[in-house]
Amino acid sequence: MAVQTADTATPASTAAPDFGPAVALSCRECGERTPLGPVFACASCFGPLEVAYEFPTGDPEGLRKRIEAGPDNIWRYAPLLPVPIDVTDKPNLNPGFTKLVKADRLAAELGVTGGLFVKDDSGNPTHSFKDRVVAIAVEAARNFGLTTLSCSSTGNLAGAVGAAAVRAGFRSCVFIPHDLEAGKVVMAAVYGGDLVGIEGTYDDVNRFCSELIGDPIGEGWGFTNVNLRPYYGEGSKTLAYEICEQLGWRLPDNIIVPIASGSQLTKIDKGLQELIKLGLVEEKPYRIYGAQAEGCSPVSAAFKAGHDVVRPVKPDTIAKSLAIGNPADGPYVLDIARRTGGAVEDVNDEQVVAGIKLLARTEGIFAETAGGVTIGVLKKLIETGLLDPSEETVAINTGDGLKTLDAVAPTTGPTAVIRPSLDAFREAGLA
């Protein structure tokens with residue numbers, strides 16, 4: 001597979017690249033280092049690359065105060081991200097620092113006594129956590145002089161790229177499966193960029209994008225989750241940073257994360273490890289749990305079978321934002337779940353809808369189907385004894401339920417339809 005390099009792109013700026021504390025790309029398999037560039041695979045072993053840093057050390061209290069004095073978005077963590085220190089001066093959607101909701105009513109419903117929180121990322125600019133990862137990818141695209149932002153997407157990423165591209169002054173051209181939820185299609189298209197439906201699954205879309213990167217047509221393109229993936233993935237670390245800061249600079253006992261590609265879960269773990277190493281939180285055991293929909297649960301199946309290899313599946317679930325049948329980070333998710341003492345579990349579509357409704361009626365948070373998966377899995381983990389309800393737990397809601405109305409519309413509607421009179425109200429049993 002041909003891989004785009006910075007030399008092939010038409011530069012948008014003559015400024016020297018500035019990646020802050022980032023110093024190289026490191027292979028997650030063999031450890032070999034590669035210079036920072038728009039590449040995603042190790043030249044020696046073809047393993048995935050991630051960003052390596054030289055962080056400031058020796059003054060955790062000073063770093064903590066610096067972070068706390070920053071803006072109320074992900075750029076408060078600029079000293080820990082591959083972005084220039086003046087990132088706040090550049091046009092960006094500035095996502096992040098979303099609410100950590102103390103979910104006491106949900107906790108009572110589920111029998112959680114150790115404290116339950118919902119990290120509600122539906123409050124981001126395009127109403128999903130994807131704004132975090134795209135914000136970092138945009139800064140990488142600026143540094144590499146790229147001209148077009150693109151992605152393969154199950155919906156949320158398409159909208160996030162479309163919006164961020166407009167704000168930052170890039171052209172956008174994004175690719176989605178042809179049968180996505182209507183709400184996500186509209187949200188991706190409304191920003192005016194090119195939106196292309198591909199006949200097939202997300203995995204078909206992703207393969208097409210990989211081919212496009214190796215073609216002259218893709219020259220100057222930044223695919224946020226392909227050739228910019230090492231930088232893009234770092235945006236998910238900010239969820240870990242925010243959770244710990246919002247808890248008073250401490251680690252929770254358990255975190256439950258929905259799995260699509262698995263990148264969010266692995267980067268949350270990376271963020272927690274960085275906070276520990278920098279002395280920003282006190283080290284203690286924590287468990288990370290992965291949540292999948294039964295109709296696309298290759299990581300859960302591998303975990304339960306004790307396998308290290310994740311076998312691809314053909315997705316068949318209402319949770320389309322998680323419908324990645326061949327998750328790139330699947331093996332790393334397995335490693336993290338086992339290392340931390342967590343697990344990977346799945347729920348069926350009926351349980352997904354029940355999870356959406358449970359969160360809505362207890363905490364007033366309307367989650368998309370991925371959030372229904374997370375809450376459904378939380379409930380199942382407690383019922384099966386895999387999660388201790390006396391411990392503190394954070395569940396992540398990655399997006400807004402308005403994007404996936406079709407999932408709940410058939411079973412959700414008016415309590416009653418009555419004549420405009422008090423007698424009719426009484427007759428309906430509502431008085």
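In the predicted model, Glu363 is buried, with a relative accessible area of 19%. This value falls under the 20% limit that defines a buried residue, so Glu363 is assigned to that class. Glu363 belongs to helix H12, which comprises residues 349-363. When residues up to four places away in sequence are not counted, Glu363 touches Val101, Lys102, Ala103, Asp104, Arg105 and Leu106. Between Glu363 and Ser421 the sequence separation is 58 residues, and the C-alpha to C-alpha distance is 32 Å.

Asn94 has a positive phi of about 50 degrees although it is not a glycine. Asn94 is placed in the loop between helix H1 (60-68) and strand S4 (100-102). With a relative accessibility of 31%, Asn94 counts as partly exposed. His127, likewise not a glycine, has a positive phi of about 70 degrees. The loop that holds His127 runs between strand S5 (116-120) and helix H3 (130-143). The relative accessible area of His127 is 32%, which makes this residue partly exposed.

His127 is also one of the contacts of Met187, a residue of helix H5. Leaving aside neighbours within four places in sequence, Met187 is in contact with Thr126, His127, Gly159 and Lys403. Met187 has a relative accessibility of 16% and therefore counts as buried. Met187 and Ala163 are separated by 24 residues in sequence, and their C-alpha atoms lie 9.2 Å apart.

Helix H5 spans residues 182-189, and its buried residues are Lys184, Met187 and Ala188. These residues lie on the same side of H5, because they cover an arc of only 100 degrees around the axis. Ala182 and Val186 are exposed and sit on the face of H5 turned away from the buried side. The partners against which the buried residues of H5 pack are helix H4 (156-168) and strand S8 (194-198).

Leu63, Arg64 and Ile67 are buried in H1. The arc that they cover around the axis is only 100 degrees, so they are on the same side of H1. Packing of the buried residues of H1 is against helix H8 (237-246). Arg66 is likewise located in helix H1. At 45% relative accessibility, Arg66 counts as partly exposed. Apart from neighbours within four places in sequence, Arg66 has contacts with Pro79 and Ile85. Arg66 and Ala141 are 75 residues apart in sequence, with a C-alpha to C-alpha distance of 26 Å.

For the protein as a whole, 15 helices and 13 strands are assigned. The radius of gyration is 21 Å, close to the 22 Å given by the globule rule for 431 residues, so the protein is as compact as a globular protein of that length. The C-alpha trace spans about 75 × 45 × 45 Å along the principal axes. Of the 431 residues, 58% are buried. Among contacts with a separation of 6 or more, 72% are accounted for by residues 24 or more positions apart.

The protein exposes about 17,300 Å², and carbon and sulfur atoms supply 52% of this area. Its charged side chains comprise 39 positive and 54 negative groups. The centres of the two sets of charges lie 3 Å apart.

Note on methods:
Residues are numbered from 1 along each chain as its sequence is written. This is a predicted model: local features need pLDDT of at least 70, side-chain atom pairs count only at pLDDT 80 or more; totals for chains, interfaces and linings use all residues. Side-chain values use heavy atoms; hydrogens and water are left out. Buried means under 20% relative accessible area, exposed over 50%, partly exposed in between (1.4 Å probe, protein chains only). Helices (H or I, at least four residues) and strands (E, at least two) are DSSP runs, numbered from the N terminus. The arc is that of the directions from the helix axis to the C-beta atoms. Contact means heavy atoms within 4.5 Å. The radius of gyration is taken over C-alpha atoms; the globule rule is 2.2 Å times the number of residues to the power 0.38. Accessible areas come from the Shrake-Rupley method with a 1.4 Å probe; for residues, only the protein chains shown count as cover. Lys and Arg count as positive and Asp and Glu as negative; His and the chain ends are not counted. The place of a charge is taken as NZ of Lys, CZ of Arg, CG of Asp or CD of Glu.
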